[in-house]
Amino acid sequence: MVLRKSKLLWAFVLLVCIVLLGSGCGNKSTPTAPDSTTGTANTQKLAEPSQASTSSETAKDTPPSNQSTATPSPTQSPPTSTQVNGTLQVHFIDVGQADSILIKASDGTAVLIDGGNNPDGPDVVNYLKSQQVKVLAAVVATHPHEDHIGGLDTVIKNFPVKAVYMPNASSTTKTFEYFISAVTAGGAKRIQAKAGVTLDVPGLTGQFIAPNGSAYEELNDYSAVLRLTFGKITFLFTGDAGELSESEMLKSGQSLKAEVLKVGHHGSATSTSNAFLKAVSPDYAIISVGAGNDYGHPTASALSRLGGAGVMLFRTDQDGTIVATCDGETVTFNKKGSMPSSASPTTSPTPAIQPPASSGSVSIASIDLGGEVVTLVNNGGSAVDLTGWKIVSEKGNQAYSFPGGTTIPPGGTLKVLSGPKAVAGTSALVWTKSNMWNNDGDPGALYNSQGKVVSSK
Ligand SMILES: [Zn+2]
């Protein structure tokens, strides 16, 4: 049956919460502390301009749309163990071909990553005001390109800013000059963003994992990359980091794993390598990009790699401003998103659902469309951990992620139920009380934690 998507999404969110609480996986852990030995971040003066800004990405200015978001109200009280404080919202503000991301905690703590192009400044200010932002605990200026710092001078003039994190990179542009002048006039503490530096904002747990080097040809590779953890959910904000920075992050041995990835460099071909994607292993990806931009972003190759990773993709050029709401256990979005095709741009089109990557021992035994029951079977000789696995209904484009720690014993079966009559049991999980499967035929696919299809029906 086909239901209205928005209702269906909220029902899904609600029921995932219930499943998580009911399955004993609801022990809210204290967010993983990043390297606490780092203590407060280094404060360093910026070097004199050594890197001229070369590419001047022009603005395709789209005012941020004012999306209202609702926090899903759980139907059960949360477990009594350590809790995260309220919810965390991450707003990927639609600033056209540029980046601007607002991170906002329930207590009002706000951090802004980038501020769009020069003309976006007033729109970003208005958006922050619409979200009741009064003070910015930190501004992260990922790198000195205009599409990232262009609007920040206006933002800094309109809000008290406690700290500005920026890489040790500069530019000879007027845009950079205005930005630095605004930072100086505003009196914010200036902190060099680089791998190992902790985001020093009370209530938020974040650490920079790039840049790892100190001299790059590409200004993009200086991008400050922030990894932010809230409860069990991690966000990775990559700025415009390219392949070189990605490979350095991989080599550094830092954990890159994140549920939500802000895709690097607006989906350019030279970011989001397969190796990087594999290490991050995101469930959701966001591309901040302007419709019809001159750069061909996002590129077919980046989309193909994201498709191969089985992510749910959101794009500001298609979805407008995207708001992710995180309760520490799950993350939900105000937009529907889509699963990008993994079809290679240079080869003939392949079906959206790939053939099984490996036979594996877990497969879909059946999908009862009318009864809303997916039955998985483990034909192998050992238990299989389904953490990070998901089921996707192709027609409805809905995904169910297995709660962490879900296992299926050798020879065992596991049912994933949906629909109004769904009731959880010892070997049955409830996806949602909504009907997820189209009775006229709806292929389903089982993805493993690497995002590979292991079974489809
Ligand atoms: Zn950019």
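Helices (H or I, at least four residues) and strands (E, at least two) are DSSP runs, numbered from the N terminus.

**Figure 1. Overview of the predicted model.** The protein has nine helices and 25 strands. Of its 457 residues, 52% are buried.

**Figure 2. Val 90 in strand β1.** This strand covers residues 88-92. Val 90 counts as buried because 25 C-beta neighbours lie inside 10 Å, and the cut-off for a buried residue is 20 or more.

**Figure 3. The residues that Val 90 touches.** Leaving out residues up to four places away in sequence, Val 90 touches Ile 101, Ile 103, Phe 235 and Ala 324. Leu 112 gives a distance for this view: 22 residues separate Leu 112 from Val 90 in sequence, and their C-alpha atoms are 9.7 Å apart.

**Figure 4. Buried residues of helix α8.** Helix α8 spans residues 300-308. Ala 302, Leu 303 and Arg 305 are buried in this helix, as are Leu 306, Gly 307 and Gly 308.

**Figure 5. Packing around helix α8.**

**Figure 6. Gly 310, after helix α8.** Gly 310 follows α8 and has a positive phi, near 70 degrees.

Definitions and conventions. Residues numbered from 1 in each chain as written. Predicted model: local features only at pLDDT ≥ 70, side-chain atom pairs only at ≥ 80, totals over all residues. Buried ≥ 20, exposed ≤ 12 C-beta atoms within 10 Å, placed from the backbone. Contact = placed C-beta atoms within 7 Å.
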